[in-house]
Amino acid sequence: KQWYQRRVRGLPALGSNLSVPMVFRRCLQLLAAGILLPGSASISDPCEPGFVKAHSFMSYEEQDELACGAQTLLRALANGGFKEVLGVKGARVVTFDTPAMFNGVIVTPSKLAYEKPSETELMDTSGS
């Protein structure tokens, strides 16, 4: 089995697999930790021949948004916002631009870390 499948399902040495909610949380944790950011170990795309990183078709901005969004969703889950994260009918929507309160705790969305280089920065690096 692939190493990432063992990571998501839990450590086989312990002799127990994770439940579906724990697998969901573990996937969010991997995304939030940056498994699909540039320079990460990543996971291979099963639909592509050879080892093609799953995030190789995403822009840096999209990769950063994915990691920040997963961090925000984890904060909401940790404070009882599972209905909001899962999109249960009647629950409010988790937003990624404004803080929200869950069980008396204010969850602030993560800020994006990636800043697109300006054209002058790009020209300076390509010219030298």
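What follows is a working chat about a predicted model.

Reader: In what order do the elements run from the N terminus?

Author: The order is α-α-α-α-β-β-α.

Reader: And how much of the chain counts as buried?

Author: Of the 128 residues, 25% count as buried.

Reader: Salt bridges next. How many turn up in a search of the whole structure?

Author: The search finds 1 salt bridge. Arg92 and Glu84 form a salt bridge through their side chains, at 3.5 Å from N to O.

Reader: Is Glu84 buried or exposed?

Author: Glu84 is buried, because its relative accessible area is 17%, and the cut-off for buried is under 20%.

Reader: What about Arg92?

Author: Arg92 counts as partly exposed, at 41% relative accessibility.

Reader: Which ring does Arg92 lie over?

Author: Arg92 lies over the face of Phe102. The distance to the ring centre is 4.4 Å.

Reader: Where does Phe102 lie?

Author: Phe102 lies in strand E1. Phe102 is buried, with a relative accessible area of 4%.

Reader: How far is Phe102 from Gly80?

Author: Their C-alpha atoms are separated by 6.2 Å. Along the chain, Phe102 and Gly80 are 22 residues apart.

Reader: While on rings, how many aromatic pairs are there?

Author: The count comes to 1 aromatic pair.

Reader: Now the loop between E1 and E2. Which residue is found there?

Author: Asn103 is found in that loop, between strand E1 (100-102) and strand E2 (105-107).

Reader: What is the phi of Asn103?

Author: The phi of Asn103 is near 50 degrees. That is a positive value in a residue other than glycine. Most residues other than glycine have a negative phi.

Reader: Is Asn103 buried or exposed?

Author: Asn103 is exposed, with a relative accessible area of 67%. The cut-off for exposed is over 50%.

Reader: Switch to H2. How many residues does helix H2 have, and what does it span?

Author: Helix H2 covers residues 20-33, so it has 14 residues. From first C-alpha to last, H2 reaches 20 Å, close to the 20 Å expected at 1.5 Å a residue.

Reader: What follows H2?

Author: Gly34 follows H2, and its phi is positive, near 100 degrees.

Reader: And where is Ile35?

Author: Ile35 is in the loop between H2 and helix H3 (60-78). Ile35 counts as buried, at 15% relative accessibility.

Reader: How far apart are Ile35 and Ala67?

Author: They are 32 residues apart in sequence. In space they are 8.4 Å apart, C-alpha to C-alpha.

Reader: Last topic, the surface. Which residues form the nonpolar patch?

Author: Phe24, Phe82, Leu86 and Val88 form a nonpolar patch on the surface. Together they have about 370 Å² of accessible area.

Reader: Where is Leu86 found?

Author: Leu86 is found in helix H4, residues 82-86. Leu86 counts as exposed, at 56% relative accessibility.

Reader: And how far is Leu86 from Leu73?

Author: Leu86 and Leu73 are 9.6 Å apart in space, C-alpha to C-alpha. In sequence they are 13 residues apart.

Terms used. Residues numbered from 1 in each chain as written. Predicted model: local features only at pLDDT ≥ 70, side-chain atom pairs only at ≥ 80, totals over all residues. Heavy atoms only, no water. Helix = DSSP H or I, 4+ residues; strand = E, 2+ residues; numbered from the N terminus. Buried < 20%, exposed > 50% of the residue type's maximum accessible area, 1.4 Å probe, protein only. Phe/Tyr/Trp six-rings, centres within 6.5 Å; stacked < 30°, edge-to-face > 60°. Lys NZ or Arg CZ within 6 Å of the ring centre and 35° of its normal. Patch = residues over 30% accessible without salt bridge, like charges linked within 9 Å, V, L, I, M, F, W, Y side chains within 5 Å. Areas by Shrake-Rupley, 256 points an atom, 1.4 Å probe, with all protein chains shown as cover. Salt bridge = Lys/Arg side-chain N within 4 Å of Asp/Glu carboxyl O. Expected span 1.5 Å × (residues − 1).
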